[in-house]
Amino acid sequence: MIFIRPITRSPNDPISNVFMSDSVKLIECPRDAWQGLKGQIPADLKTNYLQALISASFKHIDAVSFVSPNAIPQMADSEQVLKELAPPDDVEIIGIVVNEKGAQRAIATEAVRTLGFPYSISPTFLQNNQRQTLEDAIEELEKIEKRADDAGLDTVVYISMAFGNPYGDDWSVDEVVAAVGLLELQEIRMISLADTVGLAPPEKIQQIVSAVMAEYGYLEIGVHLHSRPDEAAAKIGAAFEAGCRRFDSAIGGLGGCPFAQDALVGNIPTEVVIETLRKQGAQLPPLKPLDALLKATSEIGARYKSQPHNNGDATNSLERTNN
Ligand code: COA
Ligand code: ZN
């Protein structure tokens with residue numbers, strides 16, 4: 001059953017104010033960058049990398065997930081990584097969960113600030129990714145949100161396949177807007193529109209983000225895009241133009257999508273987001289130079305792309321330069 005609560009809209013709401021300005025929120029997504037790599041990245045290297053992000057002043061990090069270790073073996077050590085990291089209070093760690101068990105695990109770390117739930121208007125995606133129907137997903141989200149509320153945590157919901165559907169499921173702009181409305185009724189205030197397969201050209205991104213902003217501009221609406229490197233800047237520019245002020249990305253664009261047809265489709269590189277938004281006059285959070293992180297990212301990508309041979313030393317430039 002869907003539990004409907006009224007929502008109070010106020011022009012003085014801090015979220016509304018953020019989105020009337022040009023100030024943007026950047027969400028760094030190492031979890032998305034790493035989860036498709038076949039080689040297991042050692043927990044202490046993940047911790048070092050996350051620590052380097054925090055040292056570079058990233059304040060919002062999609063760092064971990066609490067899902068079945070059979071589904072995503074790379075993230076099985078999320079508890080250990082966060083225990084070693086012990087993130088400071090001014091850093092928001094987002095943990096992805098698809099069920100109540102995941103929510104309980106995330107809350108128990110006492111390091112996760114926000115639970116991230118992948119929703120979708122695509123039944124095929126929900127089935128493949130988390131074995132849920134559309135109704136199951138909303139029911140599971142209610143349970144997760146209740147757990148989050150009780151523990152004083154926030155919830156962000158992703159709408160996967162918001163920009164088109166590679167499986168042939170019904171898709172329309174109106175359905176995307178309606179899905180945002182459904183989540184709003186669940187009192188979700190942070191919603192990120194995801195193009196998991198990197199399908200959408202910039203014009204479509206502008207169209208969909210504009211349609212959502214027109215109805216729900218008082219919520220924190222973000223984009224989680226994937227792209228070929230040469231199209232990334234135009235996509236980010238289109239989302240910003242349409243009023244989006246929350247951007248997911250990953251340094252170096254690491255992280256291809258397992259469902260994408262095109263092997264060149266990866267995460268949007270954070271460095272491209274920064275450059276593009278700066279040119280467009282956005283107010284960006286102050287970040288330190290990313291050179292060491294770019295180097296470490298490409299080393300991780302190269303080393304853990306395929307199964308490890310288990311015979312080399314696992315040092316990374318971060319361990320030498322950025323502990
Ligand atoms: N954390 C740890 N283990 C979990 C879990 C969680 N949150 N949720 C379920 N499991 C375990 C079950 O206990 C079970 O373990 P067992 O084999 O030792 O008994 C195992 O996972 C399988 O669970 P089951 O209920 O049979 O479902 P399934 O195999 O169909 O998997 C999900 C369903 C939802 C658990 C799985 O598909 C999943 O974790 N998906 C998430 C995928 C993801 O993270 N995608 C990327 C982010 S968008
Ligand atoms: Zn992604």
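Biologist: K59 and D90 join their side chains in a salt bridge, with 2.8 Å between N and O. Where in the chain do K59 and D90 lie?

Modeller: K59 sits in the loop between α3 (43–55) and β2 (60–65), and D90 in the loop between α4 (78–85) and β3, so the pair ties together parts that are 31 residues apart in sequence. Keep in mind that this is a predicted model. The general idea is that side chains of opposite charge can pair when their charged atoms come close.

Biologist: Are K59 and D90 buried, partly exposed or exposed?

Modeller: Buried means under 20% relative accessible area, exposed means over 50%, and partly exposed is in between. K59 has 34% relative accessibility, so K59 counts as partly exposed. D90, at 45%, is also partly exposed because its value falls in that middle range.

Biologist: How many salt bridges are there?

Modeller: The count comes to 14. One of them joins K143 and E140, whose closest N and O atoms are 3.8 Å apart.

Biologist: How far apart along the helix are K143 and E140?

Modeller: Both belong to helix α7 (residues 134–151), and because they are three residues apart there, about one helical turn separates them. K143 is partly exposed, at 37% relative accessibility. E140 has a relative accessible area of 16%, so E140 is buried.

Biologist: Which residue forms a salt bridge with R246?

Modeller: E220 does, with 2.7 Å between the closest N and O atoms. This pair links distant parts of the chain: R246 is in strand β8 (residues 246–249) and E220 in strand β7 (residues 220–227), 26 residues apart. The two side chains also count as making a polar contact, at 2.7 Å.

Biologist: Are R246 and E220 buried or exposed?

Modeller: R246 is buried, with a relative accessible area of 0%. E220 is buried as well, at 6%.

Biologist: Which residues are linked with R246 in a network of salt bridges?

Modeller: The network links K25, E220 and R246.

Biologist: Now a single residue. Where is E92 found, and is E92 buried or exposed?

Modeller: E92 is found in strand β3 (residues 92–96). Its relative accessibility is 4%, so E92 counts as buried.

Biologist: How far apart are E92 and V112 in sequence and in space?

Modeller: They are 20 residues apart in sequence, and 7.2 Å apart in space from C-alpha to C-alpha. For the chain as a whole, take the contacts between residues at least 6 apart in sequence: 75% of these join residues at least 24 apart.

Biologist: Which atoms of N99, K101 and G102 lie close to atoms of ligand 1?

Modeller: In N99, a side-chain N or O atom is 2.8 Å from a nitrogen atom of ligand 1. In K101, a polar side-chain atom is 3.0 Å from an oxygen atom of ligand 1. In G102, a backbone N or O atom is 3.3 Å from a nitrogen atom of ligand 1. Taken alone, ligand 1 exposes 940 Å², and the protein buries 62% of that.

Biologist: How many helices and strands are in the chain, and what share of its residues is buried?

Modeller: The chain has 13 helices and nine strands. Of its 323 residues, 54% are buried. Its accessible surface comes to about 14,000 Å², and carbon and sulfur atoms account for 51% of that.

How values were computed: Residues are numbered from 1 along each chain as its sequence is written. Chains are lettered from A and ligands numbered from 1 in the order in which they are written. This is a predicted model: local features need pLDDT of at least 70, side-chain atom pairs count only at pLDDT 80 or more; totals for chains, interfaces and linings use all residues. Side-chain values use heavy atoms; hydrogens and water are left out. A polar contact is a pair of N or O atoms within 3.5 Å; within protein, one must be able to donate a hydrogen and the other to accept it, and residues adjacent in sequence count only if both atoms are side-chain atoms. Accessible areas come from the Shrake-Rupley method with a 1.4 Å probe; for residues, only the protein chains shown count as cover. Helices (H or I, at least four residues) and strands (E, at least two) are DSSP runs, numbered from the N terminus. Buried means under 20% relative accessible area, exposed over 50%, partly exposed in between (1.4 Å probe, protein chains only). A salt bridge is a side-chain nitrogen of Lys or Arg within 4 Å of a carboxyl oxygen of Asp or Glu. Contact means heavy atoms within 4.5 Å.
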